[in-house]
Amino acid sequence: MRGGHVAVPGGVPRPVAAPGRVRTWVPEGPLDLGLVLGPLRRGPADPTFRAMPDGSVWRASLTPAGPGTLRVAAAGGQVRGEAWGPGAQWLLDGLPSLLGAADDPSAFAPRHRLVASAQHRRPGLRLTRTGLVLESLIPSILEQKVTTDEAYRAWRSLVRKYGEPAPGPAADGRLFVMPSPRTWALIPSWEWHRAGVDNKRASTILRAVRVAARLEQAMAMDPAEAQARLEVVPGIGPWTSAEVVQRSHGAADAVTVGDLHLPGIVGWALAGDRDADDSVMLSLLEPYAGQRHRAARLILLSGRTPARRAPRMPRGDIGRL
């Protein structure tokens, strides 16, 4: 290396990224980065998220201070966060909350043997709190009424095309910061179509980004109030708002209702009822009031799910119409 550059094949020098800002934090109790941050990953090729073989996690976010990249690694009972870009300090300030510092797993009391077993086997589970609303809202809207594969493809396509390379050493074309609200608003209709996003979901995103500042203000509210604010936007219902506040607020009680699979999974796990609907699911989760989302996550982590017996949701590809 010479003069701040490193040689690469072909003899073309590439600038060496400057070290980022660093923060270390010691969590209380065990912490599993994969379990805590996993819900923020939208598919295996999410351009804003990268899980590395060494156990570290990279995230690119559009913070109130601007774009930022965060690398998180845990070792020896402590967490090391390193961040780059205008949003670096904001990301480091929020590192404990991101990793569940505001979460209180001790408030949870298992009422079923399966749930107790899942909790025992996953002591590092904490509920993340990103402090960002739009970051979870837009991909959740993309996931409305379609297969996860379709939603992940749309998110990947739009973020890579209209986002910007993440600052720091991750700015190698593989990690991207999601577009700003203004950029989302300017995406042409044919590009939504090309990404496989129907007009209903695209229109909902456009309505949301027009009031992005008001939606981000929901971070000052409790989760139920935040959900109510989100649902004022036409096209955002209880399913979407719950998916958002679970991530943005670390909402331990926000149950995802209206889901295609979750009621049957909860019904099967707790009562052997694979045909359970939302009302049955909510009844079964009632003993966990205040912690129903955590209970649902533990049920999902238990691996006790009914075998599929119906066709999956049909895949649509409007980009080929």
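What share of the contacts in the protein with a separation of 6 or more is accounted for by residues 24 or more positions apart? The share is 65%, where contact means heavy atoms within 4.5 Å.

The model is predicted, so local features need pLDDT of at least 70 and side-chain atom pairs count only at pLDDT 80 or more, while totals for chains, interfaces and linings use all residues. Residues are numbered from 1 along each chain as its sequence is written, and side-chain values use heavy atoms, with hydrogens and water left out.

**Overall make-up**

The protein has 15 helices and 9 strands; these are DSSP runs numbered from the N terminus, with helices (H or I) of at least four residues and strands (E) of at least two. Of its 321 residues, 47% count as buried. Buried means under 20% relative accessible area, exposed means over 50%, and partly exposed lies in between, with a 1.4 Å probe and protein chains only.

**Helix packing**

Two helix pairs are set out below. Axes are lines fitted to C-alpha atoms, for helices over the stretch in contact, and angles run from 0 to 180 degrees between N-to-C directions.

| Helix pair | Angle between axes | Axis distance |
|---|---|---|
| α5 (residues 134-142) and α6 (residues 148-162) | about 130° | 8 Å |
| α4 (residues 113-121) and α15 | roughly 80° | within 9 Å |

Helices α5 and α6 pack at an angle of about 130°, which makes α5 oblique to α6. Angles under 35 degrees count as roughly parallel, over 145 as roughly antiparallel, 65 to 115 as roughly perpendicular and the rest as oblique. On the α5 side the contact is made by Glu135, Ile138, Pro139 and Leu142, and on the α6 side by Ala151, Ala154 and Trp155. By class, this contact has 6 nonpolar, no polar and 1 charged residues. Ala, Val, Leu, Ile, Met, Phe, Trp, Tyr, Cys and Pro count as nonpolar, Asp, Glu, Lys and Arg as charged, and the others, Gly among them, as polar.

For the second pair, the axes of α4 and α15 cross at roughly 80°, so α4 is roughly perpendicular to α15. Leu114, Val115, Ala118, Gln119 and Arg121 of α4 meet Leu298, Ile299, Leu301 and Ser302 of α15. The contact of α4 with α15 has 6 nonpolar, 2 polar and 1 charged residues.

**Covered helices**

Helix α5 is mostly covered, with 9 of its 9 residues buried. Helix α12 (residues 238-248) is largely enclosed by the rest of the structure, because 10 of its 11 residues are buried. Among the buried residues of α12 are Trp239, Glu243 and Arg247. The buried residues of α12 pack against α5, α11 (223-230) and α15 (292-302). Gly250 follows α12 and has a positive phi, near 65°.

The loop between α5 and α6 holds Lys145. Its phi is near 60°, a positive value in a residue other than glycine. Lys145 is exposed, with a relative accessible area of 71%.

**Cavity**

Rolling a probe the size of a water molecule over the atoms shows where empty space is left. On a 1 Å grid over the protein atoms alone, a cavity is a set of points where a 1.4 Å probe fits but cannot get out, and lining residues have an atom within 4 Å of a point. Grid points are joined across faces, edges and corners, and a volume is the space filled by probe spheres set on the points.

By this rule there is 1 cavity of 30 Å³ or more. The largest cavity holds about 130 Å³ of space. It is lined by 15 residues, of which Leu40, Thr48, Arg59, Glu135 and Trp155 are the closest to its centre. Strand β5 (57-63) gives the most to the lining, with 4 residues; β5 and α5 each supply at least two. By class, the lining has 7 nonpolar, 3 polar and 5 charged residues.

**Two further residues**

Pro263 is found in helix α13 (residues 262-271) and is buried, with a relative accessible area of 6%. Not counting residues up to four places away in sequence, Pro263 touches Ala276, Asp277, Asp278 and Met281. The C-alpha atoms of Pro263 and Asp275 are separated by 7.8 Å, and the two residues are 12 apart along the chain.

Ala18 is in the loop between β2 (14-15) and β3 (21-25) and is exposed, at 52% relative accessible area. Ala18 and Trp84 are 66 residues apart in sequence and 8.7 Å apart in space, C-alpha to C-alpha.

Key. On a 1 Å grid over the protein atoms alone, a cavity is a set of points where a 1.4 Å probe fits but cannot get out, and a pocket is an open set with protein on both sides within 12 Å along at least five of seven lines; lining residues have an atom within 4 Å of a point.
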